[in-house]
Amino acid sequence: MSLPGVLATLPLPIIGAPLFIISNPKLVIEQCKAGVVGSMPALNARPAEQLDDWLAEITETLAAYNKANPDKPAAPFAINQIVHKSNDRLDHDMAVCAKYKVPIIITSLGARTDVNDAVHAWGGVVMHDIINNFFAKKAIEKGADGLIAVAAGAGGHAGVKSPFALIQEIREWFDGPVALSGSIASGGAVLAAQAMGADFAYIGSAFVATEEARAVEGYKQMIVDSSSDDIVYSNLFTGVHGNYLKGSIKAAGLDPDNLPESDPSKMNFGGTGAKAWKDVWGCGQGIGAIKSVQPAADLIGRLRREYQSARQRVALA
């Protein structure tokens, strides 16, 4: 199995997940400088014209960093594109990504051959996120280079498949790049993802509780104060099942232990006016490992040390 060049030399086998609303150039840059793929959704740039400014900031800052640190270059960065027909910005945002030759595009909510072809035309790599083997096959058939397997326990919109089952089924037919998402917040879990057959760990929730993340302080602190017992899986907030922090659901005036099923005709959250992501906060089950709000570089430093320690334990076993 070989990896595309842009993914073949990562200092750490970690891709930072694009966090809706939360990811920004500052976080992406710090992730990349610390040796992991930093990413953000194109839609976080508002208005749309801001995306050009943000990509200029990221590419110029990382180029300057690489020039000053030729022996320790930054990891590449990624932009997440929602390719569903409801995204009326896709053409604009893809044109901006083409201008800057974004190294990695992460596609979500549908796989599209035309989008994959466009990325390949400028030399980029496409990773598509999926929740089961059926969608994985569709993504590769339509030209994606790699897969992001979103297993049970991931933050935000998450699947229900055990990571053991999901990776096993994908590896029966696909030998390209695979990242695993779902409750990964320690270096040992990164190594475990590789042991199962993934190439990379895909980490999101842990990066919410970093100083660079564009999340309110209450959100960051709730992650620090919470554990897997505080994660609720529900489709009430967007119509699609996802994992959310119990405390934010309570703060929105709802009972997290008695949430109704989603009703698209009554998406008003019990009249509370609460909004998904803004008021009801997405989060994965791995947050018991998060003990403080800290700079992204410090979080990555911990993951690096734990990963190296886990590898040493395995080698000695």
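G247 lies in helix 11, which covers residues 246-251; helices here (H or I, at least four residues) and strands (E, at least two) are DSSP runs numbered from the N terminus. With a relative accessible area of 28%, G247 is partly exposed, on a scale where buried means under 20%, exposed means over 50% and partly exposed is in between (1.4 Å probe, protein chains only). From G247 to D225 the C-alpha to C-alpha distance is 10.0 Å, the two being 22 residues apart in sequence.

The model is predicted, so that local features need pLDDT of at least 70 and side-chain atom pairs count only at pLDDT 80 or more, while totals for chains, interfaces and linings use all residues. Residues are numbered from 1 along each chain as its sequence is written, and side-chain values use heavy atoms, with hydrogens and water left out.

**Overall fold**

The protein contains twelve helices and eleven strands, and its C-alpha trace spans about 55 × 50 × 40 Å along the principal axes. Its radius of gyration is 19 Å, which agrees with the value near 20 Å that a compact globule of 317 residues would have; this radius is taken over C-alpha atoms, and the globule rule is 2.2 Å times the number of residues to the power 0.38. Of the 317 residues, 52% count as buried. Among contacts (heavy atoms within 4.5 Å) between residues at least 6 apart in sequence, 63% join residues at least 24 apart. The accessible surface comes to about 13900 Å², of which 52% belongs to carbon and sulfur atoms, as given by the Shrake-Rupley method with a 1.4 Å probe, where for residues only the protein chains shown count as cover.

**Salt bridges**

A salt bridge is taken as a side-chain nitrogen of Lys or Arg within 4 Å of a carboxyl oxygen of Asp or Glu, and by this rule the count comes to nine.

| Pair | N to O distance |
|---|---|
| D52 and K99 | 2.9 Å |
| K220 and E217 | 3.7 Å |
| E306 and R302 | 2.9 Å |

Because D52 lies in helix 3 (residues 50-68) and K99 in helix 4 (residues 90-100), their bridge ties together parts that are 47 residues apart in sequence. D52 is partly exposed at 22% relative accessibility, whereas K99 is exposed at 54%.

K220 and E217 are three residues apart in helix 10 (residues 217-225), so about one helical turn separates them. K220 is buried at 2% relative accessibility, while E217 is exposed, with a relative accessible area of 54%.

**Cysteines**

With a disulfide defined as a pair of cysteine sulfur atoms within 2.5 Å, the count comes to zero. For C97, which is in no disulfide, the nearest cysteine sulfur is that of C32, 14 Å away. C97 is buried at 0% relative accessibility, and C283 is also buried, at 0%.

**A nonpolar surface patch**

On the surface, I131, F134 and F135 form a nonpolar patch with about 310 Å² of accessible area together. Patches are made of residues with over 30% relative accessible area and no salt bridge, like charges being joined within 9 Å and nonpolar side chains (Val, Leu, Ile, Met, Phe, Trp, Tyr) within 5 Å. F134 belongs to helix 6 (residues 133-141) and is exposed, with a relative accessible area of 53%.
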